[in-house]
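Please find below a colleague's note on the fold of this chain.

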Amino acid sequence: MDNLLNSKPKRFKNIQDLHGHKDIIRIKICRYPIMSVFKKAIRTIKGVNEFDKYMREKNYDDLFHLYMVIELDDNTILRTDKNNRVELKVIDNFDCGDRNRTEEYTQTINITNDLTFNQLIDNAVNNGLVWRYSANQYNCQNYIMMLLKHSNLYNDEINDFIMQD
């Protein structure tokens with residue numbers, strides 16, 4: 001079972017097999033506030049005082065979930081994120097869900113060099129990408145950071161947008 005959880009999910013592999021050879025045109029990093037029920041669970045696990053202190057020290061108003069929307073050269077649009085496992089699906093548009101959100105919830109990266117979806121994934125896997133979720137170490141932030149960093153798409157501005165710790 002552990003081996004299964006630490007390997008690439010079948011659905012991810014199937015979509016990558018279909019679209020992995022295609023060049024990436026642009027990437028949008030998206031984030032949205034996690035629901036209050038999840039915040040309550042985190043407060044319970046961490047302890048109310050520790051959680052509230054952490055939020056004040058970091059000057060956070062909210063906690064966010066991150067995902068990426070990726071446009072390929074044939075207009076295919078993919079969404080990938082990491083919940084309990086890494087997920088990948090084909091979607092209809094390049095938007096980050098709610099079209100009324102302000103730019104503070106998105107960060108767009110235009111790709112200027114040749115980079116296929118396979119290369120984006122392989123670069124991260126070859127540098128330690130872990131398929132399984134861990135709240136502290138292998139979470140959505142870590143996943144997005146690894147994808148971008150190991151394809152030389154990461155910079156201080158993107159780091160500030162992604163990292164919440």
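The points below move from the basis of the model to the overall fold, the sheet and the helices.

1. Basis of the model. This is a predicted model in which local features need pLDDT of at least 70 and side-chain atom pairs count only at pLDDT 80 or more, while totals for chains, interfaces and linings use all residues. Residues are numbered from 1 along each chain as its sequence is written, and side-chain values use heavy atoms, with hydrogens and water left out.

2. Overall fold. The chain holds seven helices and five strands; helices (H or I, at least four residues) and strands (E, at least two) are DSSP runs, numbered from the N terminus. Starting at the N terminus, the order of elements is α-α-β-α-α-β-β-β-β-α-α-α. Among contacts with a separation of 6 or more, 72% join residues 24 or more positions apart, contact meaning heavy atoms within 4.5 Å.

3. The sheet. The five strands make an open, antiparallel sheet in the order β4-β3-β2-β1-β5, where two strands pair if DSSP finds at least two bridges between them. At the edges are β4 (86-91) and β5 (106-110), each of which pairs on one side only. Strand β1 (residues 24-33) is joined to β5 by five bridges in the antiparallel sense, and Ile 29 stands opposite Gln 107 in β5.

4. Helices on the sheet. Helix α2 (residues 10-19) lies across β2 (64-72), β3 (77-82) and β4, at about 45° to β4. Helix α5 (residues 117-125) lies across β1, β2, β3 and β4, at about 140° to β2. Axes are lines fitted to C-alpha atoms, for helices over the stretch in contact, and angles run from 0 to 180 degrees between N-to-C directions.

5. The α2-α5 pair. These two helices, α2 and α5, pack at about 135°, with their axes 9 Å apart. Helix α2 is therefore oblique to α5; under 35 degrees counts as roughly parallel, over 145 as roughly antiparallel, 65 to 115 as roughly perpendicular and the rest as oblique. Phe 12, Gln 16 and His 19 of α2 meet Phe 117, Asn 118, Ile 121 and Asp 122 of α5.

6. Helix α6. Is α6 (residues 140-149) mostly covered or mostly uncovered? It is mostly covered, with nine of its ten residues buried, that is, under 20% relative accessible area with a 1.4 Å probe, protein chains only. The buried residues include Cys 140, Tyr 143 and Met 146. Asn 139 caps the N-terminal end of α6, a side-chain oxygen lying 3.1 Å from the backbone nitrogen of Gln 141. Over the chain of 165 residues, 42% count as buried.

Technical notes
Buried means under 20% relative accessible area, exposed over 50%, partly exposed in between (1.4 Å probe, protein chains only). A polar contact is a pair of N or O atoms within 3.5 Å; within protein, one must be able to donate a hydrogen and the other to accept it, and residues adjacent in sequence count only if both atoms are side-chain atoms.
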